[in-house]
Amino acid sequence: MRVGTALAGSPPSMMSLASDLPKVELRSRLRKIRSAILPAQRQAAAWAVTRSKPVLQRLRPGKSIALYVPVGSEFPSWPLIFTALQRGCKVYLPRTPRFGRQLEFVRLNSQSQWQIGPYNIPVPSHPEVCSPRKLDTVFVPLLGFDSQLARLGQGGGYYDATFAFRRLRRQWRKPKLIGLAFSSQRLAQLPLEPWDLRLDAVQTENSYCRAARY
């Protein structure tokens with residue numbers, strides 16, 4: 001597994017601090033690191049991901065691909081969304097429920113209309129909704145990740161709850177979960193709870209980190 005260095009000009013990663021801090025403090029510091037990345041660097045990183053061979057291998061015609069609308073300083077996903085659509089994928093975006101923690105994945109195509117969902121996040125309005133179990137690949141946002149591909153999210157627990165069924169499997173099946181992140185978001189080790197999500201891979205601006213089982 002190889003993880004690239006941080007973006008030039010970006011703050012240093014927190015690899016030496018991760019195991020010593022509670023999650024609340026980790027999230028606060030990681031938000032500052034992520035927010036400090038310059039706009040030009042963010043866009044360069046977003047387009048670099050669309051040239052990643054492992055990512056492009058997942059974007060085959062007819063495959064069901066879930067992405068996300070980036071909020072705040074999250075890794076910009078629009079170039080990857082456009083690339084997936086151009087390559088003939090069925091693209092879905094998450095819709096946060098008003099109650100509970102189970103995300104819905106709504107189709108995005110030329111017939112979709114936009115509306116504002118919970119937390120003021122734009123979501124497409126479309127009659128087609130895909131079950132999480134039927135998605136082929138899910139690209140997820142994150143605040144931090146470590147060498148074991150544990151994920152630190154915003155703290156809402158939506159992705160953890162939605163894909164909790166993966167922890168009960170004896171044989172591996174879809175969907176594959178791939179985090180999108182800047183390399184400066186890598187930590188030495190994350191404090192984990194039993195319900196915390198582990199990823200199959202993380203794509204940064206300059207490397208693709210793959211789990212041993214993937």
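Reader: What does the secondary structure of the chain come to, and what share of its residues count as buried?
Author: Happy to start there, with the note that this is a predicted model. The secondary structure comes to five helices and twelve strands. A residue is called buried if its relative accessible area is under 20%. Of the 214 residues in the chain, the share that counts as buried is 53%.

Reader: Of the contacts with a separation of 6 or more, what percentage joins residues 24 or more positions apart?
Author: A contact here means heavy atoms within 4.5 Å. Taking the contacts in the chain with a separation of 6 or more, residues 24 or more positions apart account for 68%.

Reader: Which element gives the largest share of the lining of the largest pocket?
Author: The largest pocket holds about 560 Å³ of space. Its lining has 29 residues, and the closest to the centre are Glu74, Arg151, Gln154, Tyr158 and Tyr159. Helix 1, strand 2, strand 5, strand 9 and helix 5 each give two or more residues to this lining. The largest share, three residues, comes from helix 5.

Reader: Which residue of strand 6 stands opposite valine 106?
Author: Let's go across the strands in order. Strand 2 and strand 3 pair in the antiparallel sense over five bridges, and leucine 93 stands opposite valine 106 in strand 3. Strand 3 also pairs with strand 6 in the antiparallel sense, over two bridges. There, the residue opposite valine 106 is valine 129.

Reader: How many of the five residues of strand 3 are buried?
Author: Strand 3 covers residues 104-108 and is mostly covered. Of its five residues, the number buried is four.

Reader: Which strands do the buried residues of helix 4 pack against?
Author: Helix 4 spans residues 78-86, and its buried residues are Pro79, Leu80, Ile81, Thr83 and Ala84. On the helical side, these buried residues pack against helix 2 and helix 3. Their strand partners are strand 2, strand 3, strand 7 and strand 10.

Reader: What is the phi of the glycine that follows helix 4?
Author: The residue to look for is glycine 88, which follows helix 4. The phi of glycine 88 is positive, near 85°.

Note on methods
Residues are numbered from 1 along each chain as its sequence is written. This is a predicted model: local features need pLDDT of at least 70, side-chain atom pairs count only at pLDDT 80 or more; totals for chains, interfaces and linings use all residues. Side-chain values use heavy atoms; hydrogens and water are left out. On a 1 Å grid over the protein atoms alone, a cavity is a set of points where a 1.4 Å probe fits but cannot get out, and a pocket is an open set with protein on both sides within 12 Å along at least five of seven lines; lining residues have an atom within 4 Å of a point. Grid points are joined across faces, edges and corners, and a volume is the space filled by probe spheres set on the points. Buried means under 20% relative accessible area, exposed over 50%, partly exposed in between (1.4 Å probe, protein chains only). Two strands pair if DSSP finds at least two bridges between them.
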